[in-house]
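This report describes selected features of one protein model.

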Amino acid sequence: MTVAGLGWPSGLPATLAAAIRSSRAADGPFAPARSARLDAREEFPAKACALLDDCGIARAYVPAELGGAPGGLPELLASLRTVARDDVTVAVAHGKTFLGAVSTWVAGSEEQRHALARRILDEDAVVSWGLTEPGRGSDLLAGRLTAAATEAGGWRVDGTKWPVNNATRGELITVLARTSPQGGARGFSLFLVDKNRLAEGSWQALPKEPTHGIRGADISGIRFDGAEVPAETLTGRVGEGLEIVLKGLQLTRTVCCSLSLGAGEHALRLVHEFAERRALYGTTLLQLPLARRVLGRAAATMALADAASLMAARSAHCLTGEMSVVSAVAKAGVPAIVQQTIDELAELLGARGFLTNHHADGMFQKLERDHRVVAIFDGSTAVNRSALIAQFPLLGRLAHSGAHDAAGLAAAADVSALPALDHGALRLMSRTGCSVVQGLPAAAGRLGELAAAGAVPPRAHEVAAALAQEVTAVADAVTALGPATRDTPPEAFALARRYELCFAGASAAHLLLADPADEERALRLTAALERSLELLRPGHEAPRDAYETLLTTLAEPDASAGGAVSAKELIA
């Protein structure tokens, strides 16, 4: 199944895939041996990042109306996924610019937005995002870095941001600062600080921190000491900093799915290649039933993660007001099921998965370490599930009623067109719940009609109907919990995970319903539906041939690589 065939944009990702493919040879920027050396030395992947600059990946970080890539958030996810498919560290190191810039896209003035777009597009400017501080954890309201108004009309910044990706290498950094001594929800503001314009001695880069994964990334920090910045560095209005950050996180959390997609595909490729060559019992590991089941299940899980990520990215454009829910379920759900898949694939690889020199230059153990940090980025899994739980009362009520934004849902599932992303339509809390989940029962009914007409596999309707029952069961359990409180019971987090899986399965159903004619696409999405039901119902197993069929369809040229890279190379 081609990557573009599911509905991802293929313009910029195709350019990246071709460049990365050619750079794997010898000691090129993406050569596995080179990646291994840089990882061992904890050295920044400068040449790989330079290659991405040459390919114009910065266009994906900028909204289309400001000169960026036309495919919006889906094209950004597809681009970073293409990079992460070879090296998650490089994707993390380069993609941070989108995170640093997102506050300006959400709340900056037109002048600020155009100025930053020019810096990114014309100068390949690196932008970082300074939110967290030493000893404060994820509690942004506990931040102590201050910005005080000066008599000259600017601001004086004092304090430390740590840890920050690209804090040292970045020229620009968006800083969340306390502008009211009392703090609180309206006590913080955002400033886009240009380090090159600061007075000498008013700031200091903190040392790079050693990390378990993404060892080469610039995970460091910055300390300000009386750094004076001009008035125009203020992003949005005074006191709006936290609100802008929370809205921006709805987009950045969704983008994190690209890292998981790439890492999962890389793992699947490495293990399939090993199983294909490993001789056992007069045959190969690939031919043994257990190995084929594990690999097929992994391919189905990646199809499920693919569907959930695509619907989440498109929802930013088509169901923008629901992104407080969608981003939380995608950010918690996709990395979780991909990590589970990587762990299962590691068992097939055995000891070679832990060795750095004996199989594929140690790429499996590197991607496994690199991927674990994705669950922490932009709010941990627990933080995102807490954000979802806070909206449980509305979600339960709307899931029971079946009410949803039918037009927005149809647009999100129809991959033939994509409206512009209206950043002003982002909301801190969804007023319409999650249409992807709430619309599943209706979608299951329509799939039943298509199955009766022979237009989709009968199993697609059967599994979608079973998933609709799971949505009802989750809604019942959510309603029984009652209103959210500070003392969230453990069962609420278990329900949040089930809701995430309902979203993923529902995404596959909606995408299938929108375009049932492509037989291979239908098989892939049906396998995704099967896998979501397996994950939701412990003890349930998909039919024996469900994933076997999926494995046999992964051998066509991949459209995202200009037709030159086979799907076998990318995922099988």
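## The second largest pocket

A pocket is here an open set of grid points with protein on both sides within 12 Å along at least five of seven lines, and its volume is the space filled by probe spheres set on those points. The structure is a predicted model. Its second largest pocket holds about 410 Å³ of space.

The lining of this pocket consists of 19 residues, and those nearest its centre are Ala 115, Leu 192, Arg 197, Glu 232 and Thr 233. Two or more lining residues come from each of helix H6 (110-123), strand S5 (188-194) and strand S7 (219-229). H6 gives the largest share, five residues.

In soluble globular proteins, nonpolar side chains tend to be buried together. The largest nonpolar core of this model has 166 residues, and Phe 98 and Phe 364 have the most contacts inside it. Helix H9 (residues 289-318) supplies the largest share of this core, 18 residues. Another core, of 17 residues, lies apart from it and includes Trp 155, Val 175, Phe 224 and Leu 234.

When residues up to four places away in sequence are not counted, Phe 364 touches Ala 267, Leu 270, Val 271, Ile 342, Leu 345, Ala 346, Leu 349 and Gly 353.

Helix H13 spans residues 392-401, and its buried residues are Phe 392, Leu 394, Leu 395, Gly 396, Leu 398 and Ala 399. An α-helix has 3.6 residues a turn, so residues three or four places apart point the same way.

The buried residues of H13 pack against helix H10 (323-349), H12, helix H15 (435-438), helix H17 (458-481) and helix H18 (490-514). Just after H13, Gly 402 takes a positive phi of about 80°.

## Cysteines

How many disulfides does a search of the whole structure find? The search finds zero. Cys 55 is in no disulfide, and the nearest cysteine sulfur, that of Cys 49, is 12 Å away. Cys 55 counts as buried, at 15% relative accessibility.

## Backbone geometry

Most residues other than glycine have a negative phi, and most peptide bonds are trans. The peptide bond from Trp 162 to Pro 163 is cis, with omega near -15°. Pro 163 belongs to strand S3 (residues 155-165).

Two aspartates have a positive phi. For Asp 124 the value is about 55°, and for Asp 378 it is near 50°. Asp 124 is placed in the loop between H6 and strand S1 (127-130), and it counts as partly exposed at 31% relative accessibility. Asp 378 is placed in the loop between helix H11 (363-372) and helix H12 (381-389), and it is buried, with a relative accessible area of 13%.

## Two individual positions

Ala 411 lies in helix H14 (residues 406-413). Is this residue buried or partly exposed? Ala 411 counts as partly exposed, because its relative accessibility is 28%. Leaving aside neighbours within four places in sequence, Ala 411 is in contact with Arg 314, Cys 318 and Ala 417. From Ala 411 to Glu 368 the separation is 43 residues in sequence and 35 Å in space, C-alpha to C-alpha.

Gly 226 is found in strand S7, one of the elements that give two or more residues to the lining of the second largest pocket. Gly 226 counts as buried, at 18% relative accessibility, and buried means under 20% relative accessible area. Residues up to four places away in sequence aside, Gly 226 touches Arg 156, Val 157, Asp 158 and Ser 202. The C-alpha atoms of Gly 226 and Ala 69 are separated by 38 Å, and these residues are 157 residues apart along the chain.

Methods. Residues numbered from 1 in each chain as written. Predicted model: local features only at pLDDT ≥ 70, side-chain atom pairs only at ≥ 80, totals over all residues. Heavy atoms only, no water. 1 Å grid on protein atoms, 1.4 Å probe; cavity = no way out; pocket = protein on both sides within 12 Å on 5 of 7 lines; lining within 4 Å. Helix = DSSP H or I, 4+ residues; strand = E, 2+ residues; numbered from the N terminus. Disulfide = S-S within 2.5 Å. Buried < 20%, exposed > 50% of the residue type's maximum accessible area, 1.4 Å probe, protein only. Core = buried A, V, L, I, M, F, W, Y, C linked by side-chain atoms within 4.5 Å. Contact = heavy atoms within 4.5 Å.
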